[in-house]
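Biologist: I would like to learn how to read features of this kind from a model. Please give the general idea each time, then the case here.

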Amino acid sequence: MSLTTSGTGSATAEEAELRALQAALGAEHAAVYGYGVVGGKVQEGRRDEARAAYAAHRARRDALVRAVRDLGGKPVAASAGYALPFPVPDSAAAVRLAAELEERVAGVYSDLVRASAGDRRRTAAEALREAAVRAVRWSGESVAFPGLAERAAATGTDTATSAPSVSAAPGT
């Protein structure tokens, strides 16, 4: 589906919602991939937590695919591979990666909350809350308003452009 803008030069609410859904879907694809790495490196005591997060992101991803289709869009596909934001040689790095994944997912869900209404907005707010809680569990730190662009600016991360926690690998 090709997104166009209305005659006034601004996107319609449905187009903005579809873009936000696609961004959330892209972030969920990346999170599923990232948790594969986390699960392979995290210490045994946190593997159940990683498995639960992996399952939660898969479920959200599948729901987002349906939501995109419901709006007449073609869901973005997962990349074959992703470049991690930093090396993950051990459990400590895996824990940092999990926290990073959750913070970035929270950012795109913040955008989806802003772009949607009704049940979809409630679902996006729930996903934002869940990601924020997982980020706190992984990092041991919290922020007052997870997913807000203002927080990202303070840390040098742009949630709108870096939402998928990792970028597609070359050639994918």
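Biologist: Which residues is A24 in contact with, leaving aside its neighbours within four places in sequence?

Modeller: Contact means heavy atoms within 4.5 Å. With neighbours up to four places away left aside, A24 is in contact with L64, V108, Y109 and L112. The model is a predicted one, in which local features need pLDDT of at least 70 and side-chain atom pairs count only at pLDDT 80 or more, while totals for chains, interfaces and linings use all residues. Residues are numbered from 1 along each chain as its sequence is written, and side-chain values use heavy atoms, with hydrogens and water left out.

Biologist: Where does A24 lie, and is it buried or exposed?

Modeller: A24 lies in helix 1; helices (H or I, at least four residues) and strands (E, at least two) are DSSP runs, numbered from the N terminus. Buried means under 20% relative accessible area, exposed over 50%, and partly exposed in between, with a 1.4 Å probe and protein chains only. A24 counts as buried because its relative accessibility is 0%. The C-alpha atoms of A24 and V108 are separated by 5.4 Å, although the two residues are 84 apart along the chain.

Biologist: What pattern does the chain follow, and what share of it counts as buried?

Modeller: There are six helices and two strands, in the order α-α-β-α-α-α-α-β along the sequence. Of the 172 residues, 41% count as buried. Among contacts with a separation of 6 or more, 76% are between residues 24 or more positions apart.

Biologist: Which residues does H29 touch?

Modeller: H29 is found in helix 1 and, at a relative accessible area of 11%, is buried. Not counting residues up to four places away in sequence, H29 touches R61, V76, A77, A78 and Y82.

Biologist: Are Y35 and W138 buried or exposed?

Modeller: Y35 counts as buried at 2% relative accessibility, and W138 counts as buried at 4%. A98, which has its place in helix 3, touches Y35, V38 and W138, residues up to four places away not being counted. A98 is buried, with a relative accessible area of 0%. A98 and A135, 37 residues apart in sequence, are 7.3 Å apart from C-alpha to C-alpha.

Biologist: Where does the charged end of R96 sit?

Modeller: A charge sits over a ring if NZ of Lys or CZ of Arg is within 6 Å of the ring centre and within 35 degrees of the ring normal. The charged end of R96 sits over the ring of F86, at 5.3 Å from the ring centre.

Biologist: In which helix is the place of E130, and is E130 buried or partly exposed?

Modeller: E130 has its place in helix 4 (residues 118–139). At a relative accessible area of 24%, E130 is partly exposed. Its C-alpha atom and that of A56 are separated by 9.2 Å, the residues being 74 apart along the chain.
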